[in-house]
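Subject: Structure for your review

Dear colleague,

Please find below the structure that I am handing over to you.

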Amino acid sequence: MDRRDFLKLAALTGAGLAVPDGINRFAGMVAASEKVDLVVAHGASPSAITKAAIDAFGGISRFISRGDIVVVKPNMAWDRVPEQAANTNPEVVATVVRLCYEAGAKKVKVFDRPVNDPRRAYVQSGIQAAAATLGAEVSHIDERRFRDIRINGVAIKEWPLYTEILEADKIINIPIAKHHSLAKLTMSMKNWMGVMGGSRNMIHQRLDESLVDLSRFLKPALTVLDAVRVLTANGPQGGSSSDVKRLDTVIVGVDQVAVDSFGATLFGMKGSDLGYVRLGEKTGLGIMDLSRLNIRKIST
């Protein structure tokens, strides 16, 4: 719709006259896109469903501006291949990198602080090659680049965080949905542990509160939850193909609580079954109750 059609639509509406079908359909699409809280895309191609979900949510240019330095934060923690569903799907990550550059991003950085040897985790995950091929700066964490940051949360008052993420113009969180032995599930909110320095296991004593503290502080522009393959047991590392289920799904949203609450349903759970999701809603971080959300489901 160009400016002339927009003014025509406004005049017709104001006068109480009938709106032509073409303009009416466009206006309906605009109105619908403005109210969408989550997009859930399903299809055989990880790249296609990632792009379709982001497009249906308003397009990457809604979140990324020309000249932005963008951090894309996948889960790249384990020495596992994509078929084992321990790390974010490389095609999903690569698609987001490509879209950011198409929107005019100056630079896209991809990194994680793996549990396993990063030299193996980055390669085995497939993310290093997939993202670098599209021009992303894929770097190993430099331990000298952590800085103590005042978070002022409930459980975390101060913690060393990676300066690369603090200096970015925009952050896109791209976790994988999978089982976790302690948190039950790990998705978007728990993925922030990959930018923490120090002894991260110390937050396990107050894990739910800590995850909410980190999620509130880091404020991603967009969250893309990879559920192409999910790890249903023995997470977060997995290893057995019997624990992997292929769902061919990607969920996109800006509300981390809502994304994780929907993600829980992929495992036959509710958001309220996860302590950090319940606490996230209680403290105003986001909405857990999916019945209050406009969720658009699409297939490619």
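The model is a predicted one. I begin with Arg 62, whose charged end sits over the ring of Phe 57, 4.7 Å from the centre of that ring.

Aromatic pairs

The ring of Phe 57 also takes part in an aromatic pair. A pair of aromatic rings is described by the distance of the centres and the angle of the planes. The count of such pairs in this model comes to three. For Phe 57 and Phe 63, the ring centres are 5.9 Å apart and the planes stand at 5 degrees; planes under 30 degrees apart count as stacked, and therefore this pair is stacked. Both Phe 57 and Phe 63 are buried.

Phe 146 and Tyr 162 form a tilted pair, with 5.1 Å from centre to centre and 50 degrees between the planes. This pair links distant parts of the chain, since Phe 146 belongs to strand E5 (residues 146-150) and Tyr 162 to strand E6 (residues 158-162), 16 residues apart. Phe 146 has a relative accessibility of 14% and so counts as buried. Tyr 162 is buried as well, with a relative accessible area of 1%. Ring pairs join Phe 146 and Tyr 162 with Phe 111 into a cluster.

Overall composition

The protein has 10 helices and 12 strands. Of its 300 residues, 52% are buried. Among the contacts with a separation of 6 or more, 71% are between residues 24 or more positions apart.

Lys 73

Lys 73 lies in strand E2 (residues 69-74). Is this lysine buried or exposed? Lys 73 has a relative accessible area of 0%, and therefore it is buried. Leaving aside neighbours within four places in sequence, the residues in contact with Lys 73 include Phe 111, Asp 112, Asn 173, Pro 175, Trp 192 and Val 195. Trp 192 is 119 residues away from Lys 73 along the chain, yet their C-alpha atoms are separated by 8.3 Å.

The largest pocket holds about 290 Å³ of space. It is lined by 18 residues, and those closest to its centre are Ala 77, Trp 78, Val 115, Lys 190 and Met 193. By class, the lining of the largest pocket consists of five nonpolar, seven polar and six charged residues.

The second largest pocket contains about 150 Å³ of space. Its lining includes Ile 151, Asn 152, Gly 153 and Val 154, together with Leu 279 and Thr 283. Which helix gives the most to this lining? Helix H8 (residues 207-218) does, with five residues. The lining of the second largest pocket divides into five nonpolar, three polar and four charged residues.

Helix H10

Leu 279, one of the residues lining the second largest pocket, falls within the range of helix H10 (residues 275-282). The buried residues of H10 are Gly 275, Tyr 276, Val 277 and Gly 280. These buried residues pack against strand E9 (184-186), helix H8 and helix H9 (256-265). After H10 comes Gly 284, which has a positive phi, near 85 degrees.

Backbone geometry

Three further places may be of interest when you inspect the backbone. Most residues other than glycine have a negative phi, and most peptide bonds are trans.

Asn 152, which also lines the second largest pocket, is not a glycine but has a positive phi of about 55 degrees. Asn 152 is placed in the loop between E5 and E6, the strands that carry Phe 146 and Tyr 162. With a relative accessibility of 53%, Asn 152 counts as exposed.

Asn 234 is likewise not a glycine and has a positive phi, of about 60 degrees. Its place is in the loop between E10 and E11. Asn 234 is exposed, with a relative accessible area of 53%.

The loop between strand E10 (222-231) and strand E11 (244-253) also holds Pro 236. A cis peptide bond joins Gly 235 to Pro 236, with omega at about 15 degrees.

A colleague

Definitions and conventions
Residues are numbered from 1 along each chain as its sequence is written. This is a predicted model: local features need pLDDT of at least 70, side-chain atom pairs count only at pLDDT 80 or more; totals for chains, interfaces and linings use all residues. Side-chain values use heavy atoms; hydrogens and water are left out. Rings of Phe, Tyr and Trp (its six-membered ring) pair if their centres lie within 6.5 Å; planes under 30 degrees apart count as stacked, over 60 as edge-to-face and the rest as tilted. Buried means under 20% relative accessible area, exposed over 50%, partly exposed in between (1.4 Å probe, protein chains only). Helices (H or I, at least four residues) and strands (E, at least two) are DSSP runs, numbered from the N terminus. A charge sits over a ring if NZ of Lys or CZ of Arg is within 6 Å of the ring centre and within 35 degrees of the ring normal. On a 1 Å grid over the protein atoms alone, a cavity is a set of points where a 1.4 Å probe fits but cannot get out, and a pocket is an open set with protein on both sides within 12 Å along at least five of seven lines; lining residues have an atom within 4 Å of a point. Grid points are joined across faces, edges and corners, and a volume is the space filled by probe spheres set on the points. Ala, Val, Leu, Ile, Met, Phe, Trp, Tyr, Cys and Pro count as nonpolar, Asp, Glu, Lys and Arg as charged, and the others, Gly among them, as polar. Contact means heavy atoms within 4.5 Å.
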